[in-house]
Every structure is written in structure tokens, then in C-alpha cells.
Amino acid sequence: MTSPAIDLTVHHKPAGASDRVAYGFVKLLRFFADTFFAKRYGHRAVVLETVAAVPGMVGATLNHLKCLRRMEDDRGWIKTLMDEAENERMHLMTFIQVAQPTAFERFVVVAAQWVFYLFFFALYLVSSKTAHRVVGYFEEEAVISYTHYLAEIDEGRSENVAAPQLALDYWDLPVGSTLRDVIEVVRADEAHHRDVNHGFANELSGLPHGDIAPCPPHVVLEPNWKTAA
């Protein structure tokens with residue numbers, strides 16, 4: 001399978017206080033990630049994908065409750081955000097098999113998840129537009145990080161190991177695929193989430209959505225009740 005072509009240069013220029021706050025916050029997170037992990041991109045991915053899986057679930061939950069209260073249609077947001085959360089979780093499951101996080105990194109994952117969940121939940125209640133812009137900028141940084149990870153592999157500084165079976169199954173990758181192939185489809189996923197969340201923020205601002213990067217095909221994960229029915 002070939003990863004879809006994506007525009008690596010996409011950047012939403014901050015416009016207004018809300019965008020600047022979102023952009024500054026994400027740049028602060030990037031500073032801490034660079035300081036803590038340096039070029040240990042596999043371990044960085046484990047922690048950051050844990051954080052990345054939070055916004056979709058929070059956004060889906062709060063939109064679900066809002067639609068129930070207002071008795072209105074969700075315009076497809078809930079399923080989109082749930083799919084995003086699931087996709088980020090599969091990224092995490094993949095990189096855990098690649099990087100094998102240490103006990104300390106597992107502690108960082110737990111701490112980061114709780115802190116970020118509470119922060120993002122509160123932010124979404126206060127300003128869902130800012131929350132989606134945060135995710136858009138977060139995904140911009142993810143695209144950059146995975147591009148650097150690919151360069152590390154291409155230049156021989158990181159080993160291009162065999163792709164985990166989980167990744168082969170989820171992205172329907174051919175037998176013999178490598179970590180590099182996995183990172184390419186993960187980067188394409190992140191570019192898709194980048195454009196979707198910037199689009200949501202734009203919609204809440206009364207602006208046009210803009211182009212959305214194509215999403216690589218995934219195997220649909222069916223809930224247990226469907227197989228048990």
C-alpha cells in the first residue's frame with residue numbers, strides 16, 4: 001500500500017487571540033517534548049500519541065451531550081472525533097511494540113494523560129474553537145516530528161525494523177513492510193487530523209473549512225456487540 005501524498009507545509013497562521021493562545025500552548029508542549037526526548041522519536045511517539053488520543057474522545061463526549069440537550073443533529077462531528085481518538089490509540093499501540101517504554105515513561109504517560117485530559121476538557125467547555133485549533137497545531141507538530149523520524153531512519157541513525165503485525169493488520173500493509181512504512185501512514189493520519197481540526201475551528205469561527213489531506217485506509221474495528229449479536 002502506498003501512503004497518500006500530503007502537503008507537509010500546511011500551517012494555519014494564527015489570527016486573533018484564540019489562535020495565538022492555541023499556537024503558543026502547542027509550541028510550549030513541543031519545547032518540553034524536545035527537551036525530554038531529544039531524538040528518541042519512538043519513545044516520544046509513545047507519550048505524545050497518548051496525549052493525542054485524548055482530544056477526540058473529549059470532543060465527541062461533549063458534542064454528544066450538547067446534541068442531547070439541544071435535541072439537534074451533530075453534523076457528523078461525533079463519529080469523526082471518535083474515529084480520530086481510535087486512530088490515535090492505534091498509533092500508540094503500534095509504537096509501544098516498537099519502542100518498549102520504560103517504567104518511568106509509563107509513569108509520564110499516566111501523568112500526562114490525566115493533566116491533559118482535565119485541561120482539554122475545561123478548554124473545550126470554555127472555547128471549543130480554541131480546543132480544535134490546539135489539536136490542529138498539535139497535529140502540525142506531529143507531521144513535523146514524523147518527518148524528522150523518517151529522516152533519522154533514512155540517514156541510518158534509527159533502525160528500520162520490521163513493522164509490527166498490529167500495524168500490518170490495521171493499515172492493511174503488505175508483508176515485509178518496515179517501520180518506515182508505518183511512519184509514513186501515521187504521518188498521513190496526522191495530516192488528516194490536522195486539517196479536520198483546523199476545519200472545525202474555522203467552522204466555529206464562520207470561516208471556510210479548507211482542503212483536507214486524504215486519510216489512509218484502515219481496517220474498521222467492529223465493537224464486540226456486533227459479533228456477539
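## Basis and the α3–α5 crossing

The crossing of α3 and α5 is left-handed, a term used where the near helix is turned anticlockwise from the far one by less than a right angle, with right-handed used if clockwise. The model is a predicted one, in which local features need pLDDT of at least 70 and side-chain atom pairs count only at pLDDT 80 or more, while totals for chains, interfaces and linings use all residues. Residues are numbered from 1 along each chain as its sequence is written, and side-chain values use heavy atoms, with hydrogens and water left out. Helices (H or I, at least four residues) are DSSP runs numbered from the N terminus, as are strands (E, at least two).

Two packed helices are described by the angle between their axes and the distance between the axes. For helix α3 (residues 77–99) and helix α5 (residues 128–154), the axes come within 15 Å and cross at roughly 30 degrees, which means that α3 is roughly parallel to α5. Axes here are lines fitted to C-alpha atoms, for helices over the stretch in contact, and angles run from 0 to 180 degrees between N-to-C directions; those under 35 degrees count as roughly parallel, over 145 as roughly antiparallel, 65 to 115 as roughly perpendicular and the rest as oblique. In contact (heavy atoms within 4.5 Å), Trp-77, Leu-81, Glu-84, Glu-88, Phe-95 and Val-98 of α3 meet His-132, Val-135, Glu-139, Tyr-146 and Tyr-149 of α5. Sorted by class, this contact of α3 with α5 holds seven nonpolar, one polar and three charged residues, where Ala, Val, Leu, Ile, Met, Phe, Trp, Tyr, Cys and Pro count as nonpolar, Asp, Glu, Lys and Arg as charged, and the others, Gly among them, as polar.

## Packing against α7

The axes of α3 and α7 come within 11 Å and cross at roughly 155 degrees, so α3 is roughly antiparallel to α7, and their crossing is left-handed. Residues of α3 that take part include Trp-77, Thr-80, His-91 and Val-98, and those of α7 include Leu-179, Val-186, His-193 and Phe-200. The contact of α3 with α7 comprises 11 nonpolar, six polar and five charged residues.

For α5 and α7, the axes come within 8 Å and cross at roughly 160 degrees, so α5 is roughly antiparallel to α7. This crossing, too, is left-handed, and the contact of α5 with α7 contains 15 nonpolar, nine polar and 10 charged residues.

## Cavities

Searching the whole structure finds three cavities of 30 Å³ or more. On a 1 Å grid over the protein atoms alone, a cavity is a set of points where a 1.4 Å probe fits but cannot get out, a pocket is an open set with protein on both sides within 12 Å along at least five of seven lines, and lining residues have an atom within 4 Å of a point.

The second largest cavity holds about 50 Å³ of space, and among its lining residues are Val-51, Pro-55, Phe-116, Phe-138 and Glu-139. Four residues of this lining come from α5, which gives the most, and by class the lining has seven nonpolar, no polar and one charged residues.

## The largest pocket

The largest pocket contains about 650 Å³ of space. Its lining has 25 residues, of which Met-82, Asp-83, Ala-85, Glu-86 and Asn-87 lie nearest the centre. The largest share, 10 residues, comes from α3.

Notes:
Grid points are joined across faces, edges and corners, and a volume is the space filled by probe spheres set on the points.
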